[in-house]
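This report concerns the packing of secondary-structure elements in a single model. The sequence and coordinates are shown below.

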Amino acid sequence: MITTDQVRAARAMLRWTAQDLADASGVGVATIRRMEVNDGLPSGQIRSLSAIQTAFEHAGVEFIGTPDDGPGVRLKKSSAK
């Protein structure tokens, strides 16, 4: 499970607006904004959270740690040289 801090950090890292994330994930902008207002584990449907995580992962974001131990994000290393 990803945290709201990870969602905000991933969006910032990619320089995505809430609308960009909504377009990539199929989750409504209002839902994304509601999730980001709180700290910790986001409230919402598992399906929405999974869609958000998948959209970020397709964009090259890697989620690290656990909600209880060092949650964070980083960009995956590119395999192209």
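In this predicted model, helix 2 (residues 18–25) packs against helix 4 (residues 46–58) at an angle of about 100°, and their axes lie 8 Å apart. Angles of 65 to 115 degrees count as roughly perpendicular, and helix 2 and helix 4 are therefore roughly perpendicular to each other. On the side of helix 2, the contact is made by Leu21, Ala24 and Ser25; helix 4 contributes Ala51, Ile52, Ala55 and Phe56. By class, six nonpolar residues and one polar residue form the contact of helix 2 with helix 4, with no charged residues.

Arg11 is located in helix 1 (residues 4–14). Is Arg11 buried or exposed? Its relative accessible area is 17%; the cut-off for a buried residue is under 20%, so Arg11 is buried. Leaving aside residues up to four places away in sequence, Arg11 touches Trp16, Thr17, Ala18, Leu21, Glu36 and Phe56. Two of these names, Leu21 and Phe56, also occur in the contact of helix 2 with helix 4.

The model also contains a pair of strands. Strand 1 and strand 2 pair in the antiparallel sense over five bridges. They form a hairpin, with two residues between the strands. Within this pairing, Phe63 has Val73 in strand 2 as its bridge partner.

The elements discussed above are listed here with their residue ranges.

| Element | Range |
|---|---|
| Helix 1 | residues 4–14 |
| Helix 2 | residues 18–25 |
| Helix 4 | residues 46–58 |
| Strand 1 | residues 61–66 |
| Strand 2 | residues 69–75 |

Key: Residues are numbered from 1 along each chain as its sequence is written. This is a predicted model: local features need pLDDT of at least 70, side-chain atom pairs count only at pLDDT 80 or more; totals for chains, interfaces and linings use all residues. Side-chain values use heavy atoms; hydrogens and water are left out. Axes are lines fitted to C-alpha atoms, for helices over the stretch in contact, and angles run from 0 to 180 degrees between N-to-C directions. Helices (H or I, at least four residues) and strands (E, at least two) are DSSP runs, numbered from the N terminus. Angles under 35 degrees count as roughly parallel, over 145 as roughly antiparallel, 65 to 115 as roughly perpendicular and the rest as oblique. Contact means heavy atoms within 4.5 Å. Ala, Val, Leu, Ile, Met, Phe, Trp, Tyr, Cys and Pro count as nonpolar, Asp, Glu, Lys and Arg as charged, and the others, Gly among them, as polar. Buried means under 20% relative accessible area, exposed over 50%, partly exposed in between (1.4 Å probe, protein chains only). Two strands pair if DSSP finds at least two bridges between them.
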